[in-house]
Amino acid sequence: MVSDSRIEPIVGRKSFAAVAINSASKAGEWIKTKLGGFTSLNIKSSPGDLVTEVDKGAETMIRNLIMTHFPDHSFLGEEGVEPGPEASSAALRDVMDAEYLWIVDPIDGTTNFVHGFPFFCVSIALACKGEVILGVVYDPSRDELFIAEKGKGAYVHGKRMRVSPDAVLRESLVATGFPPYGGAALPLNMRQLLAVVPKVRNVRSNGSAALHLAYVAAGRLSAFWEVGLNAWDMAAGYLLIQESGGRVTDMKGEPYHLGVRNVVATNGHIHDELLQVLQSAESEGEPGTGTPFKHGE
Ligand code: IPD
């Protein structure tokens with residue numbers, strides 16, 4: 001057989017985006033077949049923090065697919081990290097400066113998956129030296145794939161996404177989520193809700209941060225905020241919003257980076273107004289009701 005060193009192996013020629021799309025859709029299709037059919041349910045840090053064999057299997061599948069093409073790349077997946085915010089932050093610190101880092105949540109919205117509530121997704125991001133350059137969110141229940149590449153726009157069903165035009169909070173539909181770590185953030189969550197609900201058209205909380213972020217990018221939601229999230233919940237969704245013309249910051253208004261845990265993501269137009277309401281809710285806290293979540297992280 002003639003060997004030609006100019007011919008690269010076929011796997012080596014696949015683009016980052018092709019591998020991310022393939023991995024997300026393959027895993028998503030498999031996850032969908034397991035809806036209502038998982039066999040092992042384990043509690044992680046609290047009864048609201050769950051993992052099934054499907055989360056673990058999907059992560060293994062995604063990791064294997066990515067590593068087949070890019071064996072030198074680093075990988076950070078939710079199921080490879082011990083539960084709890086400290087372990088998550090430490091795991092991220094270990095890899096965040098890698099040249100190429102894949103950041104994966106195999107099922108974002110595990111609680112929904114467990115209950116058969118069809119709002120969960122596969123989230124895959126690729127960061128280059130800490131900067132997110134690719135984001136894919138796949139919703140197997142609706143067969144919707146959201147993708148963004150840095151500088152190349154964001155798309156769903158092959159159609160360019162744009163954030164919503166809503167200019168003021170009172171005409172906005174916003175979403176939030178409740179972190180599962182034993183309710184430590186509950187007092188802050190409640191103050192935020194009390195402050196935001198009267199100011200907006202309405203609030204939703206559907207239990208998948210990554211999918212909520214994709215919906216902000218697609219203009220279906222005007223904004224999303226949540227405290228206590230991890231890089232795998234947000235990295236892909238961040239780029240979807242950035243490439244759709246929106247804005248993503250921490251709760252102080254500092255630009256998003258991989259270490260952010262408390263996120264405010266909007267269409268840009270209502271960002272400052274929402275930040276102001278959330279910040280006022282935080283400063284109204286009574287002594288002793290504060291949360292362990294530090295802003296600006
Ligand atoms: C969770 C979801 C949920 C959010 C939690 C996350 P997981 O991710 O994004 O919406 O409120 O904070 O942990 O555990 O289902 O991958």
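## Ligand shell

Strands here are DSSP runs of E of at least two residues, numbered from the N terminus. In this predicted model, strand β4, covering residues 100-108, contributes 3 residues to the shell around the ligand, and this is the most that any element gives.

The ligand is surrounded by 15 residues. D105, D108, G109, T110 and E226 are the closest of them. Sorted by class, the shell holds 6 nonpolar residues, 4 polar residues and 5 charged residues.

## Domains and pocket

Two domains supply the shell: domain 1 (16-160) and domain 2 (169-283) each provide at least three residues. The ligand takes up the space of the largest pocket.

## Backbone contacts

For G109, the distance from a polar backbone atom to a ligand oxygen is 2.7 Å. For I107, a backbone N or O atom is 3.1 Å from an oxygen atom of the ligand. G207 also has a polar backbone atom 3.1 Å from a ligand oxygen.

How much of the ligand does the protein bury? The ligand taken alone exposes 380 Å², and 90% of that area is buried by the protein.

Definitions and conventions: Residues are numbered from 1 along each chain as its sequence is written. This is a predicted model: local features need pLDDT of at least 70, side-chain atom pairs count only at pLDDT 80 or more; totals for chains, interfaces and linings use all residues. Side-chain values use heavy atoms; hydrogens and water are left out. A residue is near a molecule or strand if one of its heavy atoms lies within 4 Å of it. A polar contact is a pair of N or O atoms within 3.5 Å; within protein, one must be able to donate a hydrogen and the other to accept it, and residues adjacent in sequence count only if both atoms are side-chain atoms. Accessible areas come from the Shrake-Rupley method with a 1.4 Å probe; for residues, only the protein chains shown count as cover. On a 1 Å grid over the protein atoms alone, a cavity is a set of points where a 1.4 Å probe fits but cannot get out, and a pocket is an open set with protein on both sides within 12 Å along at least five of seven lines; lining residues have an atom within 4 Å of a point. A molecule sits in a cavity or pocket if more than half of its atoms lie within 2 Å of its grid points. Helices (H or I, at least four residues) and strands (E, at least two) are DSSP runs, numbered from the N terminus. Ala, Val, Leu, Ile, Met, Phe, Trp, Tyr, Cys and Pro count as nonpolar, Asp, Glu, Lys and Arg as charged, and the others, Gly among them, as polar. Domain bounds come from an automatic or database domain assignment.
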